Amino acid sequence: MQATAIAQPNIALIKYWGKRDVDRNLPAVGSISITLSELYTQVTVELSGDLASDELIVNGEESQSMLPRISRCLDSLIGDTRARARVTSHSNFPIAAGLASSASAFAATTVAAAGAANLSYDTEALARLAGLASGSAARSFYGGIVELKNTGDTISLTSLSERDVWPLQVVVAITETAPKATGSTAAMEISRETSPFYSSWIERQDQDLDVARAAILRRDFRGLAAVAEHNCLKMHSVMWASRPPMMYWNSATMRCMQTVRRLQAEGCNVFFTIDAGPQVKAVCLPADTERVSEALVATPGVRKIMTSVLGPAARLVLQT
Ligand code: DP6
């Protein structure tokens, strides 16, 4: 009754920000994301009648804060009369810092738990279950580029491009490794309740999704770059105009954006995107990755960079 799964985090190019239904964690908008290869979370779920309660160990340390969400995730998958679980998670990148660690963690937990309980679900059904725990986790069930659609009462997922068809690359500039002050779940609700820009953000999302989807299908890098940066800055405008304001950037975040602007002016195929954290993800074509990495590593305030090609879907690696 033990299984191990690996999932990669994904980075949204057209962002999910806002919930239509908080209890069922249904997103208010669709989103498009890319799954990253070099970053990963590995999760082992052990179900045992000997355990009195669920246990969660994250990167070698017991974690109480995430435990209720993990327990709920296991309940929705296996049922609440299940055996208790020991969940051990390891990520090779900073967690809770705007690098989509909840996406890879919940995707891997869902796959490992289904494996440990010997349950077989199809990919979309598993993705929906992971999405109950964390909206972005549903997208890590697909490699390459994926679209999550908000279809009324549920979500649906479609692969827009396999990872080798349009081999985009990503340079992640890490400017801070400490966990963020406000997690996405709470921050989205603050935006919905207080940001004067929230309703127009929701209204315009389908337009951005259409433009991005069309650009991806014809592999138009510049077209995708323009709509992805616009969508990212719009999401951050919603956050900045919330009360209290949510300002996830630091001065190095701004400097990285300026570096990307300079590279663009020099003809480089690159664009930036930023999530609920201060890290900058520079998406580029393979021919420009080295130049983008060199420029970002030399940007003051950047602590580390991680370079990645597009990654595979969440998967089971061991079942005993
Ligand atoms: C800014 O998926 O972490 O990264 O559903 O509440 O767990 P919950 O939110 P989460 O939000 C991700 C927000 C984002 C944008 C995105 O990934 O689309």
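Visitor: Hi! Where is the place of Asn59?
Guide: Asn59 is in the loop between strand E7 (55-58) and strand E8 (61-62); strands (E, at least two residues) and helices (H or I, at least four) are DSSP runs, numbered from the N terminus. This is a predicted model, where local features need pLDDT of at least 70, side-chain atom pairs count only at pLDDT 80 or more, and totals for chains, interfaces and linings use all residues. Residues are numbered from 1 along each chain as its sequence is written, and side-chain values use heavy atoms, with hydrogens and water left out.

Visitor: What phi does Asn59 have?
Guide: A positive one of about 50 degrees, although Asn59 is not a glycine. Most residues other than glycine have a negative phi.

Visitor: Switching to the ligand, how many residues surround it?
Guide: There are 18, and the closest are Tyr16, Lys19, Gly135, Ser136 and Thr185. A residue is near if one of its heavy atoms lies within 4 Å.

Visitor: Which helix gives the most to that shell?
Guide: Helix H4 (residues 184-194), with 3 residues.

Visitor: And what polar backbone atom is 2.6 Å from a ligand oxygen?
Guide: One of Gly135. An N or O atom in the Ser134 side chain is 2.8 Å from an oxygen of the ligand, and a polar side-chain atom of Arg69 lies 3.0 Å from a ligand oxygen. A polar contact here is a pair of N or O atoms within 3.5 Å.

Visitor: How much of the ligand does the protein bury?
Guide: The protein buries 94% of the 460 Å² that the ligand exposes taken alone, by the Shrake-Rupley method with a 1.4 Å probe.

Visitor: Last one: which residues does a cis peptide bond join?
Guide: Arg243 and Pro244, with omega about 0 degrees. Pro244 is in the loop between helix H6 (221-240) and helix H7 (251-265).

Key
A polar contact is a pair of N or O atoms within 3.5 Å; within protein, one must be able to donate a hydrogen and the other to accept it, and residues adjacent in sequence count only if both atoms are side-chain atoms.
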